[in-house]
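I would like to know how they pair and where they sit.

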Amino acid sequence: MDKTKAGLEGSEFGEAKVKHHKNMDYYLKDIMGGIKVFKGEKLTSLMVSQSRFCRLKLLAVAATTMLLLCACAVQYTTLSDTMKPRVLIFRSSQHFAPPQSSTADIERDYVNNGFLMVSSNGGLNQMRAGICDMAAIARFLNVTLIVPELDKTSFWNDRSQFEDIFDVDHFIASLSDEVRILKVLPQKQRRRIEMASLYSMPPASWSNMTFYYNRVLPRIKKYEVLHFTKTDTRLANNGIPVEVQKMRCKANYEALRFTPPIEELGKKIVRILKERGPFLVLHLRYEMDMLAFSGCTEGCDDKEIEELTNMRYAYPWWKEKVINSTKKRKSGKCPLTPEETALALRALDIDPSIQVYIAAGDIYGGERRMASLRLAFPHIVKKETLLEASDLEPFRNHSNQMAALDYIVSLESDIFAPTYGGNMARVVEGHRRYLGFRTTIRLDRMLLVNLIDQYKKGRLSWDEFSQAVKTGHADRMGSPTQRLEIPGKPKEEEYFYNNPQECLPPISTKPKRL
């Protein structure tokens with residue numbers, strides 16, 4: 001029987017039941033290993049009876065009896081004091097707000113509906129967002145999440161495991177008051193799926209929680225273990241309960257922390273840059289794979305265009321093959337070239353003496369394409385130029401770990417400027433908003449290519465060009481704004497992780513054009 005077929009039927013479900021002990025005596029007996037515990041009234045009655053018996057039988061030793069009574073009273077007080085703090089540390093059966101600290105001290109206790117295994121797909125930041133969505137889904141389905149498996153088959157061919165990039169113990173501990181997370185599936189469930197089979201399915205893209213309650217939860221209850229084959233954009237941007245959105249934020253901004261070696265080296269890069277002065281991180285998406293995938297060839301010669309086209313056809317999972325580069329660029333769907341980027345930053349009056357840290361892989365075309373940018377901003381650096389080769393050696397051949405270093409530097413920069421709206425650009429911008437609306441220049445590619453073409457044709461003077469660029473980007477600097485929602489078109493609206501407004505201070509501004 002094919003267990004991955006579509007056609008998922010709906011099913012009713014109940015709220016998760018939180019375990020609790022109705023009788024505190026039973027609870028005390030349970031946790032004290034079966035030791036008999038008397039209530040205060042019973043103990044007092046026993047002492048009084050013993051006291052009367054002593055007075056009748058041993059009138060001559062009244063003084064001794066009084067001493068015995070005092071000793072019993074002291075023992076009773078000690079017993080009461082011993083019991084009180086034990087009761088106070090028991091978990092409450094009521095709902096409680098998550099602690100303010102990043103690490104939870106109390107585990108959430110709930111009836112487990114089953115186990116959720118997930119295979120993340122994509123690059124570092126696509127997987128990061130997907131992992132946060134899975135943590136939120138697991139929490140509100142009351143299931144146990146198994147630490148996600150990372151993508152090892154994508155273009156980047158990075159074999160890193162979750163624990164090679166993220167601090168897995170911190171991830172588990174930080175969310176323990178919300179959802180139970182295990183590093184591996186328990187042995188009993190492993191045996192079960194080995195004897196039968198693992199039920200796998202890709203959740204529908206941009207789904208709301210109703211889909212997970214009505215279509216997914218019944219299957220988890222039926223099969224006990226369920227496996228998601230994809231995690232990217234499987235939860236909608238909007239129309240999601242606020243508590244779910246806040247759980248996505250908690251997973252992203254509190255629980256997902258890079259491993260100590262990555263954190264330490266990332267902070268070292270930041271420290272070097274800050275010692276030299278202000279720095280701008282330029283996420284220059286002009287690598288070979290991006291150009292081949294997007295079909296954007298502005299500024300490339302015939303040989304390069306042929307090379308990029310051949311690469312695009314070589315990857316069957318890149319669905320779009322025939323692409324009109326000129327038309328795509330005019331519509332703002334191409335990454336800016338290094339030359340276009342230099343003009344845009346100059347027009348915005350970015351100080352030419354600022355350090356420009358390139359958060360990207362190898363730029364296609366090399367120094368020939370970087371010449372204009374380097375002429376405008378001479379202090380261009382990369383992690384490879386700031387660090388010793390030995391510092392980066394443990395991370396070489398692990399593109400996601402190298403990208404994690406750029407992520408850390410991007411968060412701490414004075415200005416962050418991505419040249420394309422990919423996953424890193426969006427996730428970093430949202431994180432910078434969460435950290436206090438740090439300056440992020442959202443370059444309007446459609447506006448810019450139109451203005452640049454007019455400037456190059458002599459239709460605009462430099463001052464006119466510069467003023468038009470500044471005017472067009474006045475409200476695109478990372479300041480508070482409402483997330484743009486386009487009902488029925490989730491791919492075109494603003495991404496949740498780009499602007500997690502449910503987790504930010506409230507605002508009243510109208511949505512701005514992307």
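**Cysteines and their pairing**

This is a predicted model, and it contains two disulfides. Taking the bonded cysteines of the protein chain in sequence order, they pair 1-4, 2-3.

Cysteine 249 belongs to helix H9 (residues 242–255), while cysteine 503 is in the segment after helix H21 (462–472), so the bond ties together parts that are 254 residues apart in sequence. The torsion about this S-S bond is about 90°, so the disulfide is right-handed. Cysteine 249 is buried, at a relative accessible area of 3%, whereas cysteine 503 is partly exposed, at 21%.

The other disulfide joins cysteine 296 to cysteine 334, again with S to S 2.0 Å. Here the torsion is about -85°, so the disulfide is left-handed. Cysteine 296 lies in the loop between helix H11 (288–294) and helix H12 (302–314), and cysteine 334 in the loop between helix H13 (325–330) and helix H14 (338–347); the two are 38 residues apart and link distant parts of the chain. Both cysteine 296 and cysteine 334 are buried.

Cysteine 132 is buried, with 1% relative accessibility. Cysteine 300 is in no disulfide either, and its nearest cysteine sulfur, that of cysteine 296, is 9.5 Å away. Cysteine 300 is also buried, with a relative accessible area of 12%.

Terms used:
Residues are numbered from 1 along each chain as its sequence is written. This is a predicted model: local features need pLDDT of at least 70, side-chain atom pairs count only at pLDDT 80 or more; totals for chains, interfaces and linings use all residues. Side-chain values use heavy atoms; hydrogens and water are left out. A disulfide is a pair of cysteine sulfur atoms within 2.5 Å. Helices (H or I, at least four residues) and strands (E, at least two) are DSSP runs, numbered from the N terminus. Buried means under 20% relative accessible area, exposed over 50%, partly exposed in between (1.4 Å probe, protein chains only).
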